[in-house]
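Okay, let's get going. Have a look at the model on the screen, and I'll walk you through it piece by piece.

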Amino acid sequence: MATEATAAADFQGPDFRPVPQPPGLHPELLVKAHDGLYFWQFMIAGSIAGMVEHMAMFPVDTIKTHMQAIGSCPIKSVSISHAFRSIVKSEGTAGLYRGIAAMGLGAGPAHAVYFSVYETCKKRFSGNNPNNSLAHAASGVCATVASDAVFTPMDMVKQRLQLGNNTVYRGVWDCVKRVFREEGIGAFYASYRTTVLMNAPFTAVHFATYEAAKKGLAEISLDSGNDESLIVHATAGAVAGALAAVFTTPLDVVKTQLQCQGVCGCDRFKSGSISDVFKTIVKKDGYRGLLRGWAPRMLFHAPAAAICWSTYEASKNFFQELNDSGNSSGTIT
């Protein structure tokens, strides 16, 4: 007890004075949001992650789109190698990147909404319980409903550009103008319901699996340093992405059909009914048609999720260090 009293007295000496606070400072207003970041920082981190993910994996996405667009389109085989050779033969390697500009315009804003909504909902739904898988799944569903409203129009443009050559659409702006003039504003959201119905279970499975896998890998990890954390995020993301991709492939096929109708000889549907598209696919290609593109979809989402989550977590770490540095120097961010 005497030692504690002496230590307390030492900290009351003349060399230890209270640090003066700026006038009008309210410490309670400086409490940071979830994970020590502000809302806008989640948006920037998510935007960077989405751009890196989709740009890196775009050729695989192009192959998947061609494989799913049944009809009288040039590519009829479900073979990845056949699809790849057909695209390269007809358009060269540049054909693998048709529509990448539309992806760039849509992926950044959509992922900014995606991750910021997810983090906000996760904080609210979890009740400070990091192991609440139901909260993670529900947060993912909320995130996809919001982000798909932003991303669906550009995704439609992207897929039409992926299928058509320069004689169909000359670029992003030409595609937007022609679709708006010939089909109306509704064409940009023809697949929104299907996209949400697909992405709701996708993100529920994805986020719940990611959080669970991340926790499990972190517990068995022998090294808790940054390098190990990066491996944990990438591995957990890959597992979550692959599982969610395979699970939701049939709805992705329907979405592609709705977005690409009338392009390159693909079927045009009188209604946007999901059941009608299902029936058409099964009638023309059997039930296996609902699994068209499952392999490139899995090959896309596994590495894409690994890239996305590791980039997102790295961006979050950057902002956390930036905030901590600002706070330690007395800077209000």
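So, twelve helices and zero strands, that's the chain. Helices here are DSSP runs of H or I with at least four residues, strands are E runs of at least two, and the numbering starts at the N terminus. Keep in mind this is a predicted model, where local features need pLDDT of at least 70, side-chain atom pairs count only at pLDDT 80 or more, and totals for chains, interfaces and linings use all residues. Residues are numbered from 1 along each chain as its sequence is written, and side-chain values use heavy atoms, with hydrogens and water left out.

Of the 333 residues, 46% are buried. Buried means under 20% relative accessible area, exposed means over 50%, and partly exposed is in between, with a 1.4 Å probe and protein chains only. Now contacts, meaning heavy atoms within 4.5 Å. Take those with a separation of 6 or more: 78% of them join residues 24 or more positions apart.

On to the inside. Which residues touch the most other members of the largest nonpolar core? They're Phe115, Trp309 and Tyr312, in a core of 18 residues. A nonpolar core, by the way, is a set of buried Ala, Val, Leu, Ile, Met, Phe, Trp, Tyr and Cys residues joined through side-chain atoms within 4.5 Å. Helices H2 (39–56), H5 (100–126), H8, H9 (226–247) and H12 each put in at least two residues, and H12 gives the most, with five. If we skip its neighbours within four places in sequence, Phe115 contacts Phe42, Gly46, Ala49, Cys308, Trp309 and Tyr312. There's also a second, separate core of twelve residues, with Ala102, Leu161, Tyr169 and Ala187 among them.

Next, charges. The whole structure has 19 salt bridges, each one a side-chain nitrogen of Lys or Arg within 4 Å of a carboxyl oxygen of Asp or Glu. One pairs Asp155 with Lys158, at 3.2 Å from N to O. Both sit in helix H6 (residues 133–163), three residues apart, about one turn of the helix. Are they buried or exposed? Asp155 is buried at 5% relative accessible area, and Lys158 is buried at 2%.

Another bridge runs between Asp252 and Arg297, with the closest N and O atoms 3.4 Å apart. This one links distant parts of the chain, Asp252 in H10 and Arg297 in H12 (residues 294–328), 45 residues apart. Those two are both buried as well.

Then there's Arg288 with Asp285, at 3.8 Å. Here Arg288 is exposed, at 67% relative accessibility, while Asp285 is buried at 13%. Salt bridges that share partners also tie Asp61, Lys64, Asp155, Lys158, Asp252, Lys255 and Arg297 into one network.

Asp285 takes us to helix H11, residues 274–285. In H11, the buried residues are Ile274, Val277, Ile281 and Asp285. They're on the same side of H11 because they cover an arc of only 65 degrees around the axis, the arc being that of the directions from the helix axis to the C-beta atoms. What covers them includes helix H8 (192–220) and helix H10 (249–259). Turned away from that buried side, you'll find the exposed Lys279 and Lys283.
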